[in-house]
Amino acid sequence: MKILLPVDGSKSALNAAKYVAKLTKQLSSKCTVTLISVHDDIGLGHVKQFVANSVIDDYLREVSEKELKGAQKVLDTAGVKHSMVIKRGNIANEIIALANKEKFDLIVMGSKGRSGIVDAMMGSVAQRVGNTAKQAVLLIK
């Protein structure tokens, strides 16, 4: 079973990582887990005119690596082998695109992420992934 685990540094995402660690232990089949961190840079439009693209790339990569650490630690402690992917773009679209391209069986993600008021207006990433993905989506509180 191929499991995609979107991570954003939130408590809910860490709970999802803990769930995946338990799930992989309980399944008798071999599981592969891929962590993904995606940052939407649309809010950085005004900064782009003053800062080089490479600086923005480095900043977003550092933020992603920081957000991934908690989930990495959980999976490492449980002995679950995993890979990581860092993307930039529309968060829900990037998660779904990777899930389809790499033919994941399951997407496990936190039900509440790092964003707040934007979700109230636009709908949450978890909701968009759940409504759009071809794969089963498991939301963890």
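This is a predicted model: local features need pLDDT of at least 70, side-chain atom pairs count only at pLDDT 80 or more; totals for chains, interfaces and linings use all residues.
**Helix H1.** H1 has 16 residues and runs 23 Å from its first C-alpha to its last, close to the 22 Å expected at 1.5 Å a residue; the expected span is 1.5 Å times one less than the number of residues. Helices (H or I, at least four residues) and strands (E, at least two) are DSSP runs, numbered from the N terminus.

I then listed the buried residues of H1: Ser12, Ala13, Ala16, Ala17, Val20, Ala21, Leu23 and Thr24. Buried means under 20% relative accessible area, exposed over 50%, and partly exposed in between (1.4 Å probe, protein chains only). These residues of H1 pack against E1, E2, H3, E4 and strand E5 (136–140), where contact means heavy atoms within 4.5 Å.

**Conventions.** I noted that residues are numbered from 1 along each chain as its sequence is written, and that side-chain values use heavy atoms, with hydrogens and water left out. Local features need pLDDT of at least 70 and side-chain atom pairs count only at pLDDT 80 or more, whereas totals for chains, interfaces and linings use all residues.

**Cores.** I searched for nonpolar cores, which are sets of buried Ala, Val, Leu, Ile, Met, Phe, Trp, Tyr and Cys residues joined through side-chain atoms within 4.5 Å. In the largest, which has 21 residues, Ile3, Leu5, Leu75 and Val108 touch the most other members. Strand E1 (2–6), helix H1 (11–26), strand E2 (32–39), helix H3 (53–77) and strand E4 (106–110) each supply at least two residues of this core. H1 gives the most, with 6 residues. A second, separate core of 15 residues includes Leu98, Phe104, Ile107 and Ala133.

**Helix H3.** I compared the ends of H3: its 25 residues should span 36 Å, and its end C-alpha atoms are 36 Å apart, which agrees. I also found a kink of about 35 degrees centred on Lys69; the bend at a residue is the angle between axes fitted to the seven residues ending there and the seven starting there. The buried residues of H3, among them Ile56 and Leu75, pack against E1, H1, E2, helix H2 (45–48) and strand E3 (82–88). After H3 comes Gly79, with a positive phi near 75 degrees.

**Lys103.** I checked phi of Lys103 and found a positive value, near 55 degrees, in a residue other than glycine. Most residues other than glycine have a negative phi. Lys103 lies in the loop between helix H4 (91–101) and E4. At 64% relative accessibility, Lys103 counts as exposed.
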